[in-house]
Amino acid sequence: MRDSAQIVIIGGGIVGCSIAYHLTRMGRTDVMIIEKGELTSGSTWHAAGLVGQLRSHRNITRMLQYSVGLYEKLEEETGLTTGWKRCGCLHLASTEARLLELQKGATTARSFGLDMHIISPQEALKIFPILDLEGIIGAAFMPSDGQADPSGLTMAMAKGAMNRGAEVQQKTLVTGFQIKDNRIEAVITDQGTVRCETVVNAAGMWSREIGKLMGVNIPEVPFQHQYLVTEPIPGLPPDLPTLRDKDSLLYYKQEGGGLVMGGYERNGIPWAIKGVPKGFTQELLEPDYDHFQPLSEAAVKRTPCLKDAGIARLVNGPEAFTPDGNCMLGPAPERENCFVAVGFNAFGIAAGGGAGRMLAEWIVEGEPSLNIWPLDIRRFGQYHKSLAYNVDRTKEIYGKHYTISWPFEEHDSARGVKRSPLYYLLKEQGAVYGSKFGWERANWFAPAGVAPEDRLSFGIPNWFEHVAREHQTARESVVLIDQSSFSKFEVEGSGALAFLNYVAAGNIDRQVGSTVYTQLCNSRGGIEADITISRLAETRFFIVTGTAFGVHDFIWLKRHLPNDGSVTLRDVTSCYAMLNLCGPRSRILLGKTSDDDLSNEGFGFGQCREIMIGSAPVTALRVTYIGELGYELYCPPEYACHLYETLMAAGRDLDIRNAGYRAIDSLRLEKGYCYWSAEVSPDYSPYDAGLGFAVDLKKGPFIGREALEKINREGAQWRLCTFTLNGDRPTMLTGGETISYRGRVVGAVSSGGYGHTVGKTIALGYLPAAEAAHGDGYAIEVFREAIPATRHATALYDPKRGRIFS
Ligand SMILES: Cc1cc2nc3c(=O)[nH]c(=O)nc-3n(C[C@H](O)[C@H](O)[C@H](O)COP(=O)(O)OP(=O)(O)OC[C@H]3O[C@@H](n4cnc5c(N)ncnc54)[C@H](O)[C@@H]3O)c2cc1C
């Protein structure tokens, strides 16, 4: 074995081989895959091999579409059989809700450039003639999905990589790492030590143990997963598509004249949670016929030919699942030269091709070409180091793999991990909590007599009118919102200003007491973070970003810190609770509680002040996310209850009310404010998003400046547009809906919701610049119904002018 390689990939499953394949295609050929058994001997060899593409997130779908495109060509390129068959996938619906979900999926597919037709049960029967249609009320067909031989795909990608110089070191167990100054310098194996520049953990369900050796947390939990393989079934029609009957929790694939049938039971069984044995190689678990019985009974009903089919085997293979059902890709936050590609939740065959490409781009170019934030390992936090949390939440996620994906659905397990000091106080007042990044956050407040619970529906939700009241109070009077979960950082030191001016697109060199709304861009001008930076003192700055983006943004800042010790960066999220006081009466209210100068002249928009409210020391920022006069009030957590009670008492005669996150969303949509990961993300520049006003190209060098100058000079390719659906009927949008112009798909909705002041359903979404200037003819397609929509040139609401369209 060689004693050095530029890039070492641990794991020779489909994912590790795909990464090597793509790295070598990008010209990085000094690559070594280290595999403890033989290639494919982890989860890959026993996968069923269904390859589906549609996910609710556009770029994950694109990643899977890329896999399909690659699998179609791989055999020709490498000469190895991959078993790829573009057979299509049939989805069945037995309930109205499932049919709506399929219609939603078909609409999303259309906006993502995928063909998915809704068909009748009889048409489904023609495509899959062995079905019993009992209870089926509709179906959908996706012709471009397929199936493949997972081992064949992996071997073909390994061969492609080796043809270009990669080396595969089999029967070699990784046992440790040499780590210096936060970098992995060498990989230690039972066959020797390999020095390297970059390490990739692609060790499937062993990756948590590998992670521990690296000092990198991998929150994944192996689960048993079973499918049945039949003997050949006489008379089985050739060329059946794959089938997903999610209401029966089942999937099917044709293989060797028989069927493969598996499913996702509600009570999945975690396996080897304390650590997967190192010696578990090319092995299966004992079949558990009793546990599989409910699935086989449902399958015999759906496809009666199974009743007499001979059973070749019941495969029980373990696979890595994660607490949110998505895999983990990207740079490990804890190390400088370590990447992960793990936790594939039973879609590693479908994802393998695209995930390998994304990771190779990340290594070679510093960023993947698609923003795949829902898969980014930086979405996990400290609390994901808890095995109890991970097992509890992953059990729920496994059990919901095939249940209906409801809008606004919250999880029941592993709740209450992070709570604001106001948690119980607000609960007593009817707070209905949702969870975000482990935090309990009030989504809305149930008035007396109303059950404090969400009822799941694709229609108008039970909380609609209550959120409307919170929204109206924010527009007409004043509300108090507990936003303690926001992520907060402190940047301090003689080099702090220069550092921030280098990472931010806006000019941070403002007077002490200023708050700047700015973006942190990457070298392509894409938006890596959307934050406020407040200058609290000459050399001390306070940064606020979204709850779930703390790890991501902190690591982005950390990676760009100067190494001369002139700047310190600290996560101070837990040092401050935050109450957002907003609405036209907020200044009057604040004046009743504070002796500080709160006049517009003394404390104007975009400024920050250290003030006293009651007896609480508060850092107040005069910014809000809802488009009204308002203040973000940060205080040490021990003062939070006092601050809340003081403000509530002073606001009683001003009709103050609690508000939650669903009201914020409705309010910010009216004002056209962006949300990172939806409207703003690495896929779009500030100019695309209409945030050019926040970029200062004249201030000197900063990350992304050249790219932004070019976009500014040549004009943005994209335009973030605001639409309202014609008519007053509220329609619940959740993102991904199609935007069409005269029947032609021109974009997808990034965020949508109902604006209670404008009385309209609002949709935001990007269009190519050339498609953004049409007059009449736009429509938003929801559940396959095209609802005519109007595009607006400005935000829909302004506090000075009120509702600004007719
Ligand atoms: C029963 C079943 C059915 C499935 N069906 C489908 C399907 O239909 N469609 C789909 O898309 N997905 C399916 N999957 C999921 C799919 O199999 C996995 O997501 C995918 O194989 C994961 O690939 P991987 O490369 O990440 O992991 P693996 O294939 O597990 O590869 C990881 C490799 O790392 C090696 N390794 C671990 N530790 C070390 C070490 N210390 N030193 C050296 N090497 C090490 C292991 O030996 C292993 O070969 C299914 C999974 C199961 C269990």
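Predicted model: local features only at pLDDT ≥ 70, side-chain atom pairs only at ≥ 80, totals over all residues.
**Entry: helix α16**

The buried set consists of Tyr 661, Arg 662, Ala 663, Ile 664, Ser 666, Leu 667, Arg 668, Leu 669, Glu 670 and Lys 671. Just after the helix, I found Gly 672 with a positive phi of about 75 degrees.

I then followed the chain into the loop between α16 and α17 (705–714), where Asp 688 lies. Is Asp 688 buried or exposed? I recorded a relative accessible area of 6% for Asp 688, and because the cut-off for buried is under 20%, this residue counts as buried. Leaving aside residues up to four places away in sequence, Asp 688 touches Ala 716, Gln 717, Trp 718, Arg 719, Leu 720 and Tyr 766. A polar atom of the Asp 688 side chain lies 2.8 Å from the backbone nitrogen of Ser 685. I also looked up a pair 609 residues apart along the chain: the C-alpha atoms of Asp 688 and Gly 79 are separated by 44 Å.

**Entry: the barrel**

I traced six strands that close into a barrel with antiparallel pairing, in the order β32-β35-β34-β33-β36-β37. Direction ignored, neighbouring strands of this sheet are turned by 40 degrees against each other on average.

On one side, β36 pairs with β33 (residues 738–741) in the antiparallel sense over four bridges, and Ser 740 stands opposite Ala 779. Strand β36 is also joined to β37 (residues 785–792), again antiparallel, by five bridges. In that pairing, I found Tyr 778 opposite Ala 789 and Glu 781 bridged to Ala 786. The hairpin of β36 and β37 has two residues between the strands, and Phe 783 there takes a positive phi near 50 degrees.

**Entry: the open sheet**

I looked up a further sheet, which is open and has six strands in mixed pairing, ordered β28-β29-β30-β27-β21-β31. Which strands stand at its edges? They are β28 (608–613) and β31 (657–658), each with a single partner strand, so one side of each is left without a neighbour in the sheet. Inside the order, β21 (residues 479–482) and β27 (residues 577–582) run antiparallel and are joined by four bridges. Leu 480 stands opposite Leu 581 of β27.

**Entry: helices α14 and α15**

Finally, I checked how helix α14 (residues 586–593) meets helix α15 (residues 640–651): their axes come within 9 Å and cross at roughly 115 degrees. The crossing is right-handed. Helix α14 contributes Leu 589, Leu 590, Lys 592 and Thr 593 to the contact, and helix α15 contributes Thr 646, Leu 647, Ala 650 and Gly 651. By class, I recorded four nonpolar, three polar and one charged residues in the contact of α14 with α15.

Technical notes: Residues numbered from 1 in each chain as written. Heavy atoms only, no water. Pairing = 2+ DSSP bridges. Buried < 20%, exposed > 50% of the residue type's maximum accessible area, 1.4 Å probe, protein only. Axes fitted to C-alpha atoms, helices over the stretch in contact; angles between N-to-C directions. Left-handed = near helix turned anticlockwise from the far one by under 90°. Contact = heavy atoms within 4.5 Å. Nonpolar A, V, L, I, M, F, W, Y, C, P; charged D, E, K, R; others polar. Polar contact = N/O pair within 3.5 Å; in protein donor to acceptor, adjacent residues only side chain to side chain.
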